[in-house]
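Let's go through this one by asking what backs up each label. Have a look at the sequence and the model, then follow the questions.

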Amino acid sequence: MKLLTKMSQLGTVNREAYLRKMALDGYVVKLDLPELKELVSLMRYSSNNINQLTRKVHETGRVYDADLEDISQRQEQLWDGVQKILAQLAKLS
């Protein structure tokens with residue numbers, strides 16, 4: 001199979017990176033984990049909430065239990081996502 005065909009199957013256009021990976025490992029693995037995309041989205045949302053809470057605390061000097069509870073729930077969702085991804089990765093070995 002031609003090099004460009006193999007590279008396109010993996011979704012890469014960087015020939016040097018592809019060749020370096022093949023020289024070091026002898027293979028290239030492309031993982032399609034929709035859970036990872038969801039996890040990144042949750043991380044962005046959580047980060048935005050923390051930034052907003054930080055601004056509010058600096059302005060008012062107060063922390064509200066509802067805000068802390070929201071952040072706690074988001075963190076639990078993030079950890080659930082991490083555990084799902086780790087479980088899938090463990091199946092690969």
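Q: What does Leu42 touch, leaving out residues up to four places away in sequence?
A: In this predicted model, Leu42 touches Gln77 and Leu78. A contact here takes heavy atoms within 4.5 Å.

Q: What makes up the largest nonpolar core?
A: Five residues do: Leu33, Leu39, Leu42, Leu78 and Ile85. The elements giving two or more residues to this core are helix 3 and helix 4, the latter spanning 65-92. To belong to such a core, residues have to be buried and joined through side-chain atoms within 4.5 Å.

Q: Why is Ser46 called buried?
A: Buried means under 20% relative accessible area. Ser46 has a relative accessibility of 3%, so the label buried applies. Ser46 sits in helix 3, residues 34-60, and touches Arg74, Gln75 and Leu78, again not counting residues up to four places away in sequence.

Q: Which residues is Leu31 in contact with, leaving aside neighbours within four places in sequence?
A: Leu31 is in contact with Leu89 and Leu92. Leu31 and Leu89 are 58 residues apart in sequence, yet their C-alpha atoms are 9.3 Å apart in space.

Q: How many helices and strands does the protein chain have?
A: There are four helices and zero strands, and along the sequence that reads α-α-α-α.

Q: Why is the protein chain called more spread out than a compact globule?
A: For 93 residues the globule rule gives 12 Å, and the radius of gyration is 20 Å, well over that, so the chain is more spread out than a compact globule. As for its box, the C-alpha atoms fill roughly 65 × 30 × 20 Å along the principal axes.

Q: What share of the 93 residues counts as buried?
A: That's 14% of them, with the cut-off under 20% relative accessible area. The accessible surface of the chain comes to about 7600 Å², and 54% of that belongs to carbon and sulfur atoms.

Q: What share of the contacts with a separation of 6 or more comes from residues 24 or more positions apart?
A: They account for 44% of those contacts in the protein chain.

Q: How far apart are the mean positions of the positive and negative charges?
A: The chain has 14 positive and 12 negative charges, and their mean positions are 13 Å apart.

Methods
Residues are numbered from 1 along each chain as its sequence is written. This is a predicted model: local features need pLDDT of at least 70, side-chain atom pairs count only at pLDDT 80 or more; totals for chains, interfaces and linings use all residues. Side-chain values use heavy atoms; hydrogens and water are left out. The radius of gyration is taken over C-alpha atoms; the globule rule is 2.2 Å times the number of residues to the power 0.38. Buried means under 20% relative accessible area, exposed over 50%, partly exposed in between (1.4 Å probe, protein chains only). Accessible areas come from the Shrake-Rupley method with a 1.4 Å probe; for residues, only the protein chains shown count as cover. Lys and Arg count as positive and Asp and Glu as negative; His and the chain ends are not counted. The place of a charge is taken as NZ of Lys, CZ of Arg, CG of Asp or CD of Glu.
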